[in-house]
Amino acid sequence: MSRVLSGLLALGVSIALFAPHLSVNAFPAKPLYDPQQHARPKLEGLWRMTHAEFEGQDLWASNKDSQNRWLITPEKITILMKQDGVDRNCGSWTYRMDLTRSPMVLDLTPVENNPGQKVVLPCLLHVEGDRFTVCMQNFPDRGRPIDLLTRPNSGIAKFIYERVR
């Protein structure tokens, strides 16, 4: 059973990173930073996953060994996972946020070798101190999540991360 749930999480990451043919009907987030918006949350740094679910099913028990982490810089988010005890770079996204919405709107664009084909994953982001929750639509043509919940057959994954440094 844990292999099945690990496979679902890997599928979500794979779709997020390697599906350039999908289209997006969701509204785009505003640019990375606009001085007229609210104060930008302090997201830069290393974050570790503490919870994962997909379409209403808890995936955390079967995935905590991966030690999934996000390294966030002002320009991109890099996914790091442990494999056989070694850190593995599993890909990156550039990102844009709309800080005027609550929860915040987040768009993730995979960094890929073919810049002519772009997929944008519509997400919602809620930040509280050294913890954030992100709900990601793995099938962008279904539009942006409407809240921070996952439901059966929604295509939505929910991750909670805590700051490492």
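Predicted model: local features only at pLDDT ≥ 70, side-chain atom pairs only at ≥ 80, totals over all residues.
**Exercise 1. Classify H51 as buried or exposed, and find the strand it lies in.**

Step 1. H51 sits in strand β1, which covers residues 45-54.

Step 2. Apply the cut-off. Buried means under 20% relative accessible area.

Step 3. Compare. The relative accessibility of H51 is 17%, so H51 counts as buried.

**Exercise 2. Work out how aromatic pairs link strands β3, β8 and β9.**

Step 1. Count the pairs. The structure has 5 aromatic pairs.

Step 2. Take W70 and F132. Their ring centres are 5.8 Å apart, with 40 degrees between the planes, and the pair is tilted.

Step 3. W70 belongs to strand β3 (residues 69-72) and F132 to strand β8 (residues 131-137), so the pair ties together parts 62 residues apart in sequence. Both W70 and F132 are buried.

Step 4. Take F132 and Y161. This pair is stacked, at 5.3 Å centre to centre and 20 degrees between the planes.

Step 5. F132 is in strand β8 and Y161 in strand β9 (residues 156-163), so parts 29 residues apart in sequence are tied together. Y161 is buried, as is F132.

Step 6. Assemble the group. W47, W70, W93, F132 and Y161 make up one aromatic cluster.

Terms used
Residues numbered from 1 in each chain as written. Heavy atoms only, no water. Helix = DSSP H or I, 4+ residues; strand = E, 2+ residues; numbered from the N terminus. Buried < 20%, exposed > 50% of the residue type's maximum accessible area, 1.4 Å probe, protein only. Phe/Tyr/Trp six-rings, centres within 6.5 Å; stacked < 30°, edge-to-face > 60°.
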